[in-house]
Structures are given as structure tokens and as C-alpha cells.
Amino acid sequence: MTAPAAPPPGDAPPRTAARVVRRVWTSYVFRRILQSVFVIWLVATITFMLMQLMPGDPIEIMAGRLNSSGMSHDQAMATAANIVAYDPNASAWSQYLEFLKGLVTLDLGNSLTSPSTSVFEHVMEYLPWTLFAVGAGIVLAAVIGLSVGMATAYRRGSVLDHTMTSVGSFLTGVPNYILIAAVVVLGYTVLGILPFLDMRGRVTAGIEPGLDPVFFGDALFHAILPIIAFAFTSTGAFMLNMKAATTEVLTEDYVTVARARGLKPGRISRNYVGRNALLPVVPQIALQLGMLVGGSIVIEQILNYPGVGQMLMQAIGNRDYPVVQAAVIILATSVVITSLIVDLLLVKIDPRIKSESQEA
């Protein structure tokens, strides 16, 4: 009996479509992207429903403004109907489908207070400033918090440990808007060393935006107080989490073995302790980002920093519902995408996460 002929060298067995689909479906990256898309859709849907429950409709709101400026009621209603892309007689389902279409094409309508400006362009005019301040605050908090947290774990029971733990608990427990308000009062009103009036706004009048040191330095000067405010809470959280994670890693057997082998303390701290202690702390970045972006409304109001938080408060006050809707969706999308990036980076640091997810 002759054995079946072997396939020619180099010819791999053909993959069926089912195997390819299964491999993609079980991929950790694909599943995380799918979860992120679902979260964005859920936030957008809930936002749409809340806007539908708001009293009045965009045409009535716009007509009311036009009527107060001197137009007759009928003329204001006709003008508003031409300006606002909204059909009050359309069913909620058809409006929802139109909303989803606009969401995919990044066309969520026009601002009621600025009819010639799309809400996407309007929000994107403010969003980069908030992301700049929040991002810089997160970086500053990570550098200080992780370094101090690791140092206190190595010096458990010392004066440094007790002092920094108390500071971290204080920063975490007290709202950042209270802390930054105290800084402004102390620095500007009491000591007179903080040029608070000059630091308000985005940039100094006369400074043209551009990729040059003058503009960047001036933008940083105006963003210093928001950056400090955003860094307050995150610094305490990073400090306490890093201390707890480092303390746990220092008790692991592989650290004891590394010391017994005579490895230098710096190498043990960098290669064995630091890398493993960072694993549970990395997801905190996305969590803190979401908290800070959500809390930017209060901080930007206090410091008169024209970011998306201040824009959102103005839109709510003006009942500019399309802008409110777009702002909430864009903010949520920014947080979800950041969380996705952090999770994918975490898989690179610790491949065990990917394996555990696939087994589940």
C-alpha cells in the first residue's frame, strides 16, 4: 500500500475562510477595538436620547433668539427652519438614523449660536487646548507620582514614607478645583507673586499661533495653572498606587533570587521591580484621563481657560444642544481611544494579559 503523496515543499495547506474569521474574531486587538466601538455607540445613543428629552426643539430655540432681536414670530420660525437642519415632524427613529449617519461622516449639524459653523469644527476649536492641559498634567503627575511612590516603597516606615503617603492621600482626597483655587488666592491675593490676570485665556493678545517657540512658550504660560490643577489629583493617585505595587513586587521570589545572585540594586530596581510594578499602574492613566477631562469643566471655569469644558458650559447656557451633543461624544471618544491605546501598550509590556483574555 503506497503512502499518499506529500504536498510539494513550500506549499502550505490552504486556510479556509472560517479559520481566518475565527482567528480574527478571537484576536485580543480586534475584541478590544470592537468593545471600544460599542462603548462609543452606546454613549452616542444615550446622548441622542437625552437631547430628545430636552424641552423645546432647535428650531423653537433659534426662532426665540431671532424673535427677541426684532423679527416677527412667523418670520423667525421660517428663518430658523432654513438655518437649522432639523425636522420636528420626523419620527425619533428616522432622526436617530440620520444622527448615526452624521456621526459616521463627522457631520453632526451646525451650531445654533453660530449657524455657519459645524459643531464638529466648533468643538475641535476648543478640544486641543483641553487635551494639551490634561495631557501635560498627566505626564507631570506620572513623572512625580511614580518616582516618589517607588522611592517610598523602598523606604517603608521612614519619615519620607509617612510624609509622602500623607501628601498622596491629601491630594487624592481634596478636589483639585479647591486646591487650585487656594493656589490662586495665596499666590495672587495674599503674596502677590502670581500674575493670574495675565495668565487667563489661551494666548496673549498679539501672539499668532504657529510652530515656533514664542507661541508654544506663551501657550504653556497660560496653561500652567490648568496643568497644575489637573496634576494635583493624578499625582496622589499615581503615588499611592505605585507604592502599593512596588511594595508587593519587592516581596516576590524573583526579586529575592536576583539579590542573592549579587545583581546591582539599580539593575534590580529597573529590570525586576520597576517594570513589574508598572503593570497595575498603567491602566490608571486612562482612568485618570477620563476623570480629568470630565472635571475640566470646573477647572476651566475657575481659571478662565477657554477649553472644551468652558465651551460646554456656554453651550448649555445658550441651549445650543447640537454643540452639547457633539462635545459629549467627542470627549467620550477621546477617552475610549486613549483607554484602547493604553490596553494595547499593556499587552506589549505583559503578553500574559492577551493569553488570559483569549482563554476567557
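Analyst: A cavity is a set of grid points where a 1.4 Å probe fits but cannot get out, and its lining residues have an atom within 4 Å of a point. Please note that the model is predicted.

User: How many cavities of 30 Å³ or more does a search of the whole structure find?

Analyst: The search finds one cavity of that size. The largest cavity holds about 40 Å³ of space.

User: Which residues line the largest cavity?

Analyst: Its lining consists of Met199, Arg200, Gly201, His222, Leu225, Pro226, Leu303, Asn304 and Tyr305. Helix 10 supplies the largest share of that lining, with three residues. Sorted by class, the lining of the largest cavity has five nonpolar, three polar and one charged residues.

User: Asn304 is in that list. Where does Asn304 lie?

Analyst: Asn304 lies in the loop that runs between helix 13 (283–303) and helix 14. Its phi is near 55°, a positive value in a residue other than glycine.

User: And is Asn304 buried or exposed, or in between?

Analyst: Asn304 counts as partly exposed because its relative accessibility is 33%.

User: What about helix 14 itself: which of its residues are buried?

Analyst: Helix 14 covers residues 308–317, and its buried residues are Val308, Gly309, Gln310, Met311, Leu312 and Ala315. Just after helix 14, Arg319 takes a positive phi of about 55°.

User: How do the lining residues of the second largest pocket divide by class?

Analyst: There are nine nonpolar residues, two polar and one charged in that lining.

User: Changing topic: how many salt bridges does a search of the whole structure find?

Analyst: The search of the whole structure finds one salt bridge. Lys243 forms a salt bridge with Asp161, and the closest N and O atoms are 2.8 Å apart. Lys243 lies in helix 10 (residues 213–250) and Asp161 in helix 7 (residues 159–173), so the pair ties together parts that are 82 residues apart in sequence.

User: Are Lys243 and Asp161 buried or exposed?

Analyst: Lys243 is buried, and Asp161 is buried as well.

User: Now the surface. Which residues make the nonpolar patch of about 670 Å²?

Analyst: That nonpolar surface patch is made by Phe38, Val39, Trp41, Leu42, Ile46, Leu50 and Leu53. One of them, Phe38, lies in helix 2 (residues 28–53). Phe38 counts as partly exposed because its relative accessibility is 47%.

User: Next, Ile268: where is its place, and how far apart in space are Ile268 and Ala258?

Analyst: Ile268 has its place in helix 12 (residues 265–278). From C-alpha to C-alpha, Ile268 and Ala258 are 6.9 Å apart in space, and they are ten residues apart in sequence. Ile268 counts as buried because its relative accessibility is 5%, and buried means under 20%.

User: Last one: where is Ile207 found?

Analyst: Ile207 is found in the loop between helix 9 (196–199) and helix 10. With a relative accessible area of 25%, Ile207 is partly exposed. Ile207 and Asp218 are eleven residues apart in sequence, and their C-alpha atoms are 7.9 Å apart in space.

Key: Residues are numbered from 1 along each chain as its sequence is written. This is a predicted model: local features need pLDDT of at least 70, side-chain atom pairs count only at pLDDT 80 or more; totals for chains, interfaces and linings use all residues. Side-chain values use heavy atoms; hydrogens and water are left out. Patches are made of residues with over 30% relative accessible area and no salt bridge: like charges are joined within 9 Å, nonpolar side chains (Val, Leu, Ile, Met, Phe, Trp, Tyr) within 5 Å. Accessible areas come from the Shrake-Rupley method with a 1.4 Å probe; for residues, only the protein chains shown count as cover. A salt bridge is a side-chain nitrogen of Lys or Arg within 4 Å of a carboxyl oxygen of Asp or Glu. Helices (H or I, at least four residues) and strands (E, at least two) are DSSP runs, numbered from the N terminus. Buried means under 20% relative accessible area, exposed over 50%, partly exposed in between (1.4 Å probe, protein chains only). Ala, Val, Leu, Ile, Met, Phe, Trp, Tyr, Cys and Pro count as nonpolar, Asp, Glu, Lys and Arg as charged, and the others, Gly among them, as polar. On a 1 Å grid over the protein atoms alone, a cavity is a set of points where a 1.4 Å probe fits but cannot get out, and a pocket is an open set with protein on both sides within 12 Å along at least five of seven lines; lining residues have an atom within 4 Å of a point. Grid points are joined across faces, edges and corners, and a volume is the space filled by probe spheres set on the points.
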